[in-house]
Amino acid sequence: MIVIRLEDLLYSAPLLVLTSSGLLALIAEAAGRDKPVISYYTSLIGVITSLILTFLNLGAGVPVFNNMILQGGYAAYCNLIFLSSALLSIVLSRSYLERMQYHRGEFYVLIVFATAGMMLMAAALDLTIVFLGIELMSICLYVLAGFMRKKELANEAALKYFLLGAFATGFLLYGIALIYGTSGTTNLVVISRSFAQLSGNSLFLIGCGMLIVAFSFKIAAVPFHMWAPDVYEGAPTTVTAFMSTGAKAAAFATFVAVFVRVFDIPGTALSSVLALIAAASMIVGNVTAIAQNNVKRMLAYSSIAHTGYMLSGIAAGNAEGEQGILFYLVAYTFMNIGAFGIVSWVEQQEDRKLKFDDYAGFSARQPAVAVLMSVFMFSLAGIPPFAGFFGKYYVFLAAVKADMTWLAIIGVMTSLVSVYYYLRLVVLMYFCEGESDVAAKVPLAAISAVTLAAVLVILLGIYPSLLVDMTKGFFKI
Amino acid sequence: MFSYSPLIVLFPLLGFLFLGLAGWRLRSEKLIGIIGSGSVGLSFLVAIMIFVHMLGLPVDQRKQSVELFTWISTFTGTPSSISVSVAYQLDQLSILMTLIVTGVGFLIHVYSIGYMRGDKGFWRFFTYMNLFIFAMLNLVLADNFLLMFLGWEGVGLCSYLLIGFWYDRKFDTGGYEPGKATTSDAAKKAFIVNRIGDFGFLLAMLLIFIHFGSLSFDAVFGRAAVLTPGSSIMVWITLLLFLGATGKSAQIPLFVWLPDAMAGPTPVSALIHAATMVTAGVYMVARCSVLYALAPAAMQIVAVIGALTAIIAATIGLVQNDIKKVLAYSTISQLGYMFLGMGVAAFAAGIFHVLTHAFFKALLFLGSGAVIHALHDEQNIQKMGGLRKYLPTTYWTFVVGAIAIAGIPPFSGFFSKDEILWKTFSSDYGSIPLWFLGVFGAGLTAFYMFRLVSLTFEGEGRYGHDVHPHEAPRTMTIPLIILAFLSVVGGLVGIPESLLGGNAVEHWLGPVFDPAYEKLRLTPHGVEATEYVLMILSVGVAAAGIYGARVVYIRRTELAELWRRKYASLHKLLFNKYYVDEAYDKLVVSPTVKVSDGFLWKGIDVAVIDGAVNGSARLIAMVAQNIRRVQTGIAQQYATVFVGGILVILIWLMFK
């Protein structure tokens, strides 16, 4: 008999509180008051409460709801990433949307529900929950991508994302079906026990391949990345920040949950396929980013490249790989959301001020913001003492330990390429003269959010063991 | 109590961060000065509290480590695992150094409030100074080589920043045409020369890691304690470490940067280039005493280099005319004594000399600062004289410092220097020639110091009539008085047993050096009678030096001129510092520049490396443009690529 226990509810409190706040905001919206601020504060309070509850829940992971989801431990750690990403995005969005004249309450509701979907993805102990989480998150994101609905680029982005996303969902379902067919269960814990014998079954392997395809689409890995630059460019910049951090982190969280924590892939063909995708992502992402003139598109390709670095950790499939990715995700979330936050602020009206050249002489106009942007660029390029360096270091180390030194070498070589386009921005900001028409005041909430991200990027670069120690016990379910 | 030790490091860090971020907005110099000095003062208070606590503990509990966090940890569980923590080790040696750094540092910070008044970089000065204290404390408190190295590099950086503090001022240094060089060039010289030493330190650290499998002091010294002397790798490790020390502590062959480092503001010379940073090499050798005990050959080299440096620098100091350069050579010379002490296994005596030297040399530098201040940036002692009546406090404190360094009892310098000389004479690792060099150097020291005193303060004023010297403000004179007091009584903590003292310093430091002493199997010999004779002898030499200087530079000033003409070539040799700068320029700098310019730059760099780099950059840009074209924006094509990817994956999974 299926029973819901009290502790199931208690352990899931972060998820429940967040969802309730989303529903509340929705009802407030439906009540018809055209006051997006109500929705803003409701969702903000929901996210912050959920964040606090997650902190309290950081101990060992506990399976709840009849082994359908895991709360605490690994899930809690990942939730911290999603919730921080949501928090920063919400804070950054308000001033951005007001300026773009798209300030609507449902925006925050969608962010909150997408975050709830992410939390399900990281918590999933069953493939059906994986599916549920991915869909909940994706559908919200489709809408968010096209949120500025009078804008052509936004419509195009949303439609493309939806079409290709639906395509990927098909493969996800097909993969789950094949795995269920060969193993007789959708429960990941049960599958993990019989993985050794299942991995000889080619239908099971094809099922896993389908999962790889679907997950790779969500993390924007080559060759399933084509949607990313268009969508990142067309979506509101703060949504792009949210997608490229929270959504990507969530996709990685499930990817790791299934392929590292459940499956035992080192030495199998799955591992080499993942390594191939990782290598392709690093090369294509970094090389194409060089040719971009639009900062948002550059960051889109950069995010494909970072997908590649992190995938090396999954391909390695060892404990170091998992720890590396978990560290990397945090570092990446803060440096990327910081960078997008600044881009969203520089962006003035529709499609203006998004070119590299718009950043010329930026340091003279906005010295403090230029310093913050440089911190994010250096960190993205993986230069110590910023968090990005240790992220790369850990995943490459994992690859070397898994006898995939070639992958680490590709990673380092392509990182070198990436220095070009990250530092190009820094050079433009500091060493070129530009027109000085930006003197607008930076909104306080936005600047605090970005500064917080920068502080964390530096702190984690000096003191990485702060996080690494937390993730030590997470390996395997 | 020990758990408070991170506070010692924290306060200067906070001071640095606050002044660095907000200092330029602060209008009030007073506020900046209070924050800058206060942070160091608070550190000093915490250090005193811990020191008092240590005094009350039994000897075996005085050493403790406080770990803050794991800094670097990789390959755990494998033989090549490395784990380095940010952890501070408190023991008798490190707390003593901490007290010197924060105590003398605090006084110099206070002094700087007066000295730097009105400077447009006032906040920048205190920012750098706080950063320096932070780095220096990391150096002395580190419980592993890597953190020590971080501090080591950090103090080097601050030294660079502060030497070139007035970056656009003219300053003559070797290798440039007169009038062309600025203080930035002096800063660069210091930095580059130190790089050579640092490289030695780095190599030593790698060898230590390879040989001992760890970088933490406890592990390395613990494993070293069971080894027997004689392995060549220990000689390499200790010599490479010593190379690092010669850079930081300005010993032969890397001493050339220190005289030029006087380009910085005078408080910087006092703090960094006299009292603290330059003694880092001595501290490092003392810290690694066990390793040195395993390589007696290296100790011999340390002793010889120390003695030679002491003499050579002292002879140069005899004829220099820049007040700060005389003190700089004096510092090099005194550092030589400290290394002589290290080399003859008188580790405690060497550290004792670090302590007393910090007092009297900081005093002398600050005193010279007061003089320079009074004469509006005049540094040439030939253009001074007669300042005694205008600057009474400065004069008397300066004389105290000079007596202390000359080694007249009961001033502090006497006890520490004599302890080193006695050990040089009596220890198994010392020798009579080294002792003789030491005593001779002591005579020279007394002579050039009193030459300095005489030319600066006595006789008639030789400066322009429009200059009206005035005593320094109280923020400057009070630190002078305190340091003068310490220069007088500072030696009392180390009165040797032969003079019925307790030699408290040696007993205090004993547990730190016992492992090394055991390894060296030191046998106490030499009788007290001999010690008295030598003591009297060295006091006699010092007194003769003082007397000689006063005769030549006050009573019979014509003698100086006469000798200069008579021994013109010797004078020229000394005045030009044995042409070491010129020799380095001819042998090292110019060839390096030529090879770099003609071959490495235009040949290798432009043609080969730039060619390859630009070529690959062009290639990547070309590829990028082509890949970009695949991104057409048409969703159907995206789906096609998508399907292509699926096919590749499935085929790979089926057939691999």
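Which residue forms a salt bridge with Asp198(B), and how far apart are the closest N and O atoms?

Author: Happy to. A quick word first: this is a predicted model, where local features need pLDDT of at least 70, side-chain atom pairs count only at pLDDT 80 or more, and totals for chains, interfaces and linings use all residues. Residues are numbered from 1 along each chain as its sequence is written, chains are lettered from A and ligands numbered from 1 in the order in which they are written, and side-chain values use heavy atoms, with hydrogens and water left out.

Now, your pair. The partner of Asp198(B) is Arg195(B), with the closest N and O atoms 3.4 Å apart. That makes a salt bridge (a side-chain nitrogen of Lys or Arg within 4 Å of a carboxyl oxygen of Asp or Glu). Both residues sit in helix α6 of chain B, 3 residues apart, about one turn of the helix. Helices here are DSSP runs of H or I, at least four residues, and strands are runs of E, at least two, numbered from the N terminus. Asp198(B) is buried at 3% relative accessibility, while Arg195(B) is partly exposed at 36%. Buried means under 20% relative accessible area, exposed over 50%, and partly exposed in between, using a 1.4 Å probe and protein chains only.

Elsewhere in chain B, the side chains of Glu558(B) and Arg556(B) meet in a salt bridge of 3.4 Å, N to O. Glu558(B) is partly exposed at 45% relative accessibility, and Arg556(B) is partly exposed at 43%.

Over in chain A, salt bridges link up into a network made of Glu156(A), Lys160(A), Asp230(A), Glu233(A) and Arg297(A). Over all chains, the count comes to 23 salt bridges.

One last stop, back in chain B: Phe212(B) has its backbone oxygen 2.3 Å from a polar atom of the Arg223(B) side chain. Arg223(B) belongs to helix α7 (residues 217-225) and is partly exposed, with a relative accessible area of 42%.

Methods: A polar contact is a pair of N or O atoms within 3.5 Å; within protein, one must be able to donate a hydrogen and the other to accept it, and residues adjacent in sequence count only if both atoms are side-chain atoms.
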